[in-house]
Amino acid sequence: MNFIASSTSLLKHLQSISGVLNTSNTLPILDNFLFEITNGQLTASASDLETTMVTKLDVHSEEDGKIAIPAKLLLDVLKSLPDQPCTFKVNASNYQIEIAYDNGKSRMVGFNGDEFPKIPELAGKSAIKLSGDLLSRAINKTLFASGNDDLRPVMSGVFCQFSASEITFVATDAHRLVRYKRTDTKATQNASFIVPKKPLNLLKNALPDNEDPITVSFNSNHLFVDHGSTQLICRLIDARFPDYKVVIPADNPY
């Protein structure tokens, strides 16, 4: 499996998904990026089991394949290079990786790509389209109020509620509560779920501050957010959110 990619373009795409990586993982494979090449397109993935980010870019390759490449080592190599083509040569038998560039080479040992966690399938999905700035604003307006108590995971995320008349985002840590409501965007069906804090922080940094359409898909277990060449998948918090409406005065004149 050999391919050629621009060092600057590859670094930019990998940095956009590197926030998923944890400093300490129980599984060594999670310290790697998964590279999959299909028909000249490279799909790079990073995961911590709960959250996965995927990005795609075009490369020059005459064969398909997959390999898990140590994330920190690869990022360090790419950061030290000016914009230039990098040739990746992967030995499928022992997972040796050689990266050749203008002024030298780097070698490292990867892992079998089949050991990388599988990306959840989007079965039984529902979807809604939001603009990038709307979703970014909703996250910024609510995420700060979510809690950090591991014993109460239901409050460590943002509650999203979609209906045919409005969309609502709610966050609370039991001391303060924020509700952000929009009536200019509507869903085709009613739905509600709780999104954890980490993927929302990653989204906040990755989303464009413009009107670009963002596709938000979800099922009973996972949330899928697609923007351009990047996709985020995260496991939803399986809990019942508190009835926040009872603490908001119904006839407040202010």
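This is a predicted model. Start with what covers the buried residues of α3. The cover includes the strands β9 (126-131), β10 (157-162), β11 (167-172), β12 (177-182) and β14 (213-218), along with helix α4 (197-206). And which residues of α3 are buried? Helix α3 spans residues 132-142, and its buried ones are G132, L134, L135, S136, A138, I139 and T142.

Now the sheet. Four strands form an open sheet in the order β12-β11-β10-β13, with antiparallel pairing. β12 and β13 (191-196) are the edge strands, each pairing on one side only. On average, neighbouring strands here are turned by 15° against each other, direction ignored.

Look at β10 and β13. They pair in the antiparallel sense over six bridges. F162 stands opposite A191 in β13.

α4 lies across β10 and β13, and runs at about 85° to β13.

Last stop, the other helix pair. How do α1 and α2 cross? The axes of α1 (residues 7-17) and α2 (residues 71-79) come within 9 Å and cross at roughly 140°. The two helices are therefore oblique to each other. Their crossing is left-handed. From α1, the contact uses S7, L10, L11, L14 and Q15; from α2, it uses L74, L75, L78 and K79. By type, the residues of that contact divide into six nonpolar, two polar and one charged.

That's the tour. Over to you.

Definitions and conventions. Residues are numbered from 1 along each chain as its sequence is written. This is a predicted model: local features need pLDDT of at least 70, side-chain atom pairs count only at pLDDT 80 or more; totals for chains, interfaces and linings use all residues. Side-chain values use heavy atoms; hydrogens and water are left out. Axes are lines fitted to C-alpha atoms, for helices over the stretch in contact, and angles run from 0 to 180 degrees between N-to-C directions. Angles under 35 degrees count as roughly parallel, over 145 as roughly antiparallel, 65 to 115 as roughly perpendicular and the rest as oblique. A crossing is left-handed if the near helix is turned anticlockwise from the far one by less than a right angle, and right-handed if clockwise. Contact means heavy atoms within 4.5 Å. Ala, Val, Leu, Ile, Met, Phe, Trp, Tyr, Cys and Pro count as nonpolar, Asp, Glu, Lys and Arg as charged, and the others, Gly among them, as polar. Buried means under 20% relative accessible area, exposed over 50%, partly exposed in between (1.4 Å probe, protein chains only). Two strands pair if DSSP finds at least two bridges between them.
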